[in-house]
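Colleague: I'd like to go through the labels on this model and hear what stands behind them. Can you take me through it?

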Amino acid sequence: EPFVADEYIERLAWRTPGGGSRGGEAFDPKRLLEEFVNHIQELQVMDERIQRKVEKLEQQCQKEAKEFAKKVQELQKSNQVAFQHFQELDEHISYVATKVCHLGDQLEGVNTPRQRAVEAQKLMKYFNEFLDGELKSDVFTNSEKIKEAADIIQKLHLIAQELPFDRFSEVKSKIASKYHDLECQLIQEFTSAQRRGEISRMREVAAVLLHFKGYSHCVDVYIKQCQEGAFLRNDVFEDAAILCQRVNKQVGEVFSNPETVLAKLIQNIFEVKLQSFVKDQLEEHRKSDAEQYLKNLYDLYTRTTNLSSKLMEFNLGTDKQTFLSKLIKSIFTSYLENYIEVEIGYLKSRSAMILQRYYDSKNHQKRSIGTGGIQDLKERIRQRTNLPLGPSIDTHGETFLSQEVVVNLLQETKQAFERCHRLSDPSDLPKNAFRIFSMLVDFLCTEHIDYALETGLAGIPSSDSKNANLYFLDVVHQANTIFHLFDKQFNDHLMPLISSSPKLSECLQKKKDIIEQMEVKLDMGIDRTLNCMIGQMKHILAAEQKKTDFKPEDENNVLIQYTNACVKVCGYVRKQVEKIRNSMDGKNVDTVLMELGVRFHRLIYEHLQQYSYSCMGGMLAICDVAEYRKCAKDFKIALVLQLFDTLHALCNLLVVAPDNLKQVCSGEQLANLDKNILHSFVQLRVDYRSARLARHFS
């Protein structure tokens, strides 16, 4: 523990009898002083003893340090001597190594010609045996030495190629015959080893055959045997992938050029197995069933490219992408050349059949929509005047639009786009996609939607027809839904195929033209439908509204809140408003409702001006207009409600006291109206001709 002088003295005083630090009855300062003096003497003696010990240890340490330094110097000298010996030894070893290398070179220079001479002597010996016509050497008669025999015969065969034919024709033929026999034996041995699964023996034989002309035949045999029993299932593509995976692991252990052998195997699979399989699948339906042919072509091409992607993992040489692409092209070229013609032909016949089947189910004979000068003239007249040209057609509520038909057409086109994307050459893809899109426009937009719009327009009755059934809004509703589906397919399936090509602007323009063409007919049909609605309201008002409604015989006995004509008109309007909301979406709803509301207001305004009003009749007219205004609230259009608010204020002129007419006319709602309008309403009062009323209004 750390030394603290105060605590040390305190403990010393506490142990001394009579030496308590706080004093007390037994406190003895003399004894405490004596104890302190004695203790100081003890400490001095202890200090001297420790000091002598420290000096002794310091002297010993200095002595040992000198001895250690001396020992280190001796070790350094020894190390330097050893290093000098090591350098001398290293120089001696280098000298000896140089001598040995030189001797080795000399020996090799002598031995190499000697070995060549020995080798040449052996070859001459074997060549002599072929000259004599009798092979006596053990290497040719012993089947276990086929490897050595192969090496010798391969060299003799090369030598024989250099000899003149006229003098050595016989021996050359014998050597060639033996060469051929050994080659066949080696290939047979390789085949047997492959069947037994002896990889090491296969590798050994393949290495010998590498220098023979029949090496490629050895590879062919290997490839043929690899495929035995490999294609037993129905899925030839999966079998091919599994086979290549298995061979890829083995081929490197057998051949010195595994990538070449594996590439040859894949080429054999593509050109034999796959090409035969593809031909069988496609030729069966090529002329008889276009739909199945296209489905099979798409499926087979997709599975072939997927197999190619799996094979890209293997080492097939430098440019495996081009290699595999050429293999795929060799299989499908004859089918892809005229693919788009088959696609367009099938799409055309299939779309026509879908439409015809639909019209047959409706027992409808599709009428031709005329073209040419007369039809164009009618169309321009109809667009400018909005007059129905030709007889009205009763469609019996049928819109001649079918979501099922549309979904079928879009599904066929979607599949066509997918096939086009997969099967078209990249340079032809935008052009082919545009042709498919044109077919969709022809059959969906022109033959189906446009025909339904034309039929719907022809089915709209004239505005003065009674109890007319208005089905054109149903046509609008279905056409709107269908076009959303058409637009979705345009964005999802066509745009990715043409987005980076000049065909994009052409497709967008074609789509814009067909939209504008449909919008013109939709606008025309909606306008005529609104005219019919107003016509129906006129019929209701003409049939239900009586002159006595606003000029009752008994002014004091009027029991109704509003007229029967008002009730029926409001009921009819509410149904039409709901129908419009269900048939359209977005801003189109507000636009059409605003137009209907304005026409509805004009009808009621003109209708009210046909009658004269007594005081009680004016009150009833105000009640009718209040009901019309309540009906106008369903439109949720500010302008329409404002018009009926103003009309309601005008009706107050029918009942207000003569003295208050000027005050009412200057009110907030009527102040901005033309004075002639105000005057026309005041003139409808039965008491208008009284001098007092005329004077007050003048």
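Predicted model: local features only at pLDDT ≥ 70, side-chain atom pairs only at ≥ 80, totals over all residues.

Colleague: What makes Glu 198 and Arg 196 a salt bridge?

Modeller: The term asks for a side-chain nitrogen of Lys or Arg within 4 Å of a carboxyl oxygen of Asp or Glu. For Glu 198 and Arg 196 the N to O value is 2.9 Å, so the pair qualifies.

Colleague: Why is Arg 196 called partly exposed?

Modeller: Buried means under 20% relative accessible area, exposed means over 50%, and partly exposed is in between (1.4 Å probe, protein chains only). Arg 196 has 47%, so it counts as partly exposed. Glu 198, with 32%, is partly exposed as well.

Colleague: How do you know that Glu 204 and Arg 201 are separated by about one helical turn?

Modeller: They're three residues apart in helix H6 (residues 199–209), hence that spacing. Helices are DSSP runs (H or I, at least four residues), numbered from the N terminus. The closest N and O atoms of Glu 204 and Arg 201 are 3.2 Å apart, in a salt bridge.

Colleague: And what about Glu 398 and Lys 362?

Modeller: That's a salt bridge too, with the closest N and O atoms 3.5 Å apart. Glu 398 lies in the loop between helix H13 (373–385) and helix H14 (403–423), and Lys 362 in the loop between helix H12 (339–361) and H13, so the pair ties together parts that are 36 residues apart in sequence. As for networks, salt bridges that share partners join Glu 189, Arg 196, Glu 198, Arg 201 and Glu 204 into one.

Colleague: Is Cys 631 buried or exposed?

Modeller: Buried, because its relative accessibility is 0%. Cys 445 is also buried, at 0%.

Colleague: Where is Leu 324?

Modeller: In helix H11 (residues 320–336). Leu 324 is buried, with a relative accessible area of 0%. Between Leu 324 and Leu 311 there are 8.5 Å in space, C-alpha to C-alpha, and they're 13 residues apart in sequence.

Note on methods
Residues numbered from 1 in each chain as written. Heavy atoms only, no water. Helix = DSSP H or I, 4+ residues; strand = E, 2+ residues; numbered from the N terminus.
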